[in-house]
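Please open the model in your viewer and keep the sequence panel beside it. The tour below moves from one selection to the next and says what is found at each stop.

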Amino acid sequence: MKSNFVADLNKDGYLDIVIDCYDRGTTAIYWGSESGYNPSNITFLPNNWAVHNIEVGDVNKDNWLDICLPNVNGGTNYIYWVSSNGYSPSNCSYLSCEPGIAQGLSVADLDKNEYLDLVFTGFNNMNVSYIYWGSNSGFNTRDTLFTGPCFGGSSIADFNQDGSLDIFCNSHTNFSYFFWVPSFTTNTALPVSYDHYGMFREIGNVYNRKYYEDYISSVFDAGEEVNWGIIYWDDSLPSGTSIHFFVRSGDTPNPDNSWSIWDSLGKGEEIPDSLNSRYLQYQARLKYTNPAYLPYLYEVRIDYGPSTRLILEPNYADSTLPAYRIDYNIRVMNMGIGLDTVDLRYQHNTNWQIGLFDSTGMNPLIDHNNNSIPDVIININDTILIVLSVIPPGNAQGGEVDSLRHIGNSNINPLLVDTAYIATRIRRVVGILVEPDQVGYTIAGVPKSYDLWVYNQGTNRDTVDLYYQHNKPWGIVLLDSSGLPLTDHNNNGFVDLWVSSLDSTRFRLVVYSQDTASNGVADILILMGRSTLNPVVRDSVRVITIIWGMGSIIIFPDQNANGLPGNWVNFLITARNNQNFVDTIDLRYIDRLGYSYQFLDSTNNPLTDHNNNCLVDLPGIGSSGGEIDFNLRVLVPSNIPAGTGDTIFVYGYSGRDTVLRDSSINILTVGTFAQVRIEPNQGDSGAVGDSIDYLLWSENLGNASDVIDLVVINGAFGYSLRDKDGNLLIDTDGDGMRDLGVVNPFGGCESLLVRVRILQADSGEVDTVVVWIISFVQILVWNMI
């Protein structure tokens, strides 16, 4: 025998001894017990002459210790796995190595993947060493260290204190080597003289070689349920060391499933009331970073006393949605205090609405002891149920958490306090909607724009990725509501939109059809929206764009104008080309009354016929909305009555496809022109007392019927205005002046008499009178004799 290992293999509290070479082909385990060791209490495991550096560790992380044996003969090394039945020859794995004499073995987690790695060394024909890398699937890979023969083994530790483990190989040559992390290809050689028969043990926990050890105390029996108090301990902690304490409790002598879980405590901390029980056990984990400096634990003290308690339970962790109330049923327990009033309050980290109610969840708790805190009155050894409600606001985001401490205070003994911890989380709900589906029409080469919306129906702001597929090689552009191109905010190769919870964002999709697209061709595009919070959540919208015709031309605007007889009237008109090519637009004039007209360009030069089809035209109008202005000049005939309306159509025809046409409608109304005349000038004589009649006529030279008013001015004799039959004229239009009634236009004539009666006058005396006629249509138009 050259090696052994001591550990509690079966977890019965007694150390067991593994002997590497009980005989040349057998390893033996002597099982420890209360009565010590007995040659009959032994387990034999076959080996292939395992005589040096055996190791024990939890290689497969099942919390049981496995046995690793390097074998001198056969080119294989053994791992014996433990099971519920212990160790057996059939439960063994074999690791191959080069033929030679395998003697050395070290165990540690070199690559920090939480699995132990194995370093095998040897001598004679075995001039290299091996690292077998542990993993969750076993030892599937290995690396080679060029060490030369190692007659004795290796050791693993953090030799240069860089936080990682290094390997020392005890070489049976002129040099032994330190192999440094991480590659283990760099090394430092130390001169030796055929060093051999070294035996090493890795420092650290026997299960995982980590730098800590656990001490678990025996179970302490208080004789009855007690209130466990404050825990103290005395220790010595060199630099880089620490001690961590845990306690657990229960009401059975041996820990079982009814016991509490381990609860971590600091020195001088009070054991929670929830652990009050008859039995208690503690665990101390002693940790270190440098094996040269280890922690010491000297003494542990725990106070305890009678169990008089106030309990609020249970603790909760649950979730809800924004604006949805969630109720928690809380038990308030009075353990031996006496009839008590328990104040109930809370502290939490949000402004969410909190309510305290009786067991129905409807009636708010009241303040019985007038201290402005709601409370319950509870008998000794009794339990009262209450309801605590939490209502998050409507704008709460998924993942937000309200952490609440629900605190109960005894009024009999203010030192009796207990707390229930309640965590309420907003559930993350993800939902998006892209809409609406649309069908649009355009002409070839003319962009078609669609307004779309992304709705976020979830509880969190989301970044919605947008992408599409379609069946035509047409251009597609995605713009925001202001017309700027969308960008990729989350750097995943897709443009996207930020959309707040329960909100929507508008964006624009523009389809650019080809100039050569045929009439009736359709592009069917599926636009997808995908949630970044949960990429499984997505929605789509279908947009169909149809080519409708080859384009259009437009003649505009429709207009109304007035003109006087004998005058020219001008209409300013625009021709627009909405086709996808440059075109010449022919013009034609059609009206109802046959007025004379002229087509002029914008500088009043006559338009001509450029394409020799007997129609004047507008050449070279640009595509896709190009425009040219031109003038239509119309002559109103001199004999057209006022109010006469003429409807004039100005047609435009595509010079390439006469089916494409449009027209503007221009309505010309003849205005009113007024002109009146009275004739002739006359003279006569008579004696005093005579009456003399002067026959005159009045003529309407305007283009509208008119009422001709008459006024006599400056007469010294007696004058009267009469019709041709001698009757006094009257005022027919109510303007205070005598008139001839309605006189037809364009030379209509009415006669009248001016009767003069000669009053007292001297012989030879002359009287002159002026007769005015005035147009009723235009009072500024007049004539006189």
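Begin by selecting C150, a residue that counts as buried because its relative accessibility is 0%, and bear in mind throughout that this is a predicted model. With C150 still selected, display the sulfur of C169, which is the closest cysteine sulfur to that of C150 and lies 4.7 Å from it.

Is C92 buried or exposed? C92 counts as buried, since its relative accessibility is 14% and the limit for that class is under 20%.

For a view of the surface, select V6, L15 and Y37 together, which form a nonpolar patch with about 280 Å² of accessible area between them. Within this selection, follow Y37 to the loop between β3 (26-30) and β4 (42-46), where Y37 is partly exposed, with a relative accessible area of 43%.

Finally, colour the chain by its domain assignment, which gives domain 1 (3-191), domain 2 (212-288), domain 3 (309-426), domain 4 (432-547), domain 5 (553-670) and domain 6 (676-775). As a last stop, select domain 5 and domain 6, whose centres, taken over C-alpha atoms, are separated by 51 Å.

Note on methods:
Residues are numbered from 1 along each chain as its sequence is written. This is a predicted model: local features need pLDDT of at least 70, side-chain atom pairs count only at pLDDT 80 or more; totals for chains, interfaces and linings use all residues. Side-chain values use heavy atoms; hydrogens and water are left out. Patches are made of residues with over 30% relative accessible area and no salt bridge: like charges are joined within 9 Å, nonpolar side chains (Val, Leu, Ile, Met, Phe, Trp, Tyr) within 5 Å. Accessible areas come from the Shrake-Rupley method with a 1.4 Å probe; for residues, only the protein chains shown count as cover. A salt bridge is a side-chain nitrogen of Lys or Arg within 4 Å of a carboxyl oxygen of Asp or Glu. Helices (H or I, at least four residues) and strands (E, at least two) are DSSP runs, numbered from the N terminus. Buried means under 20% relative accessible area, exposed over 50%, partly exposed in between (1.4 Å probe, protein chains only). A disulfide is a pair of cysteine sulfur atoms within 2.5 Å. Domain bounds come from an automatic or database domain assignment.
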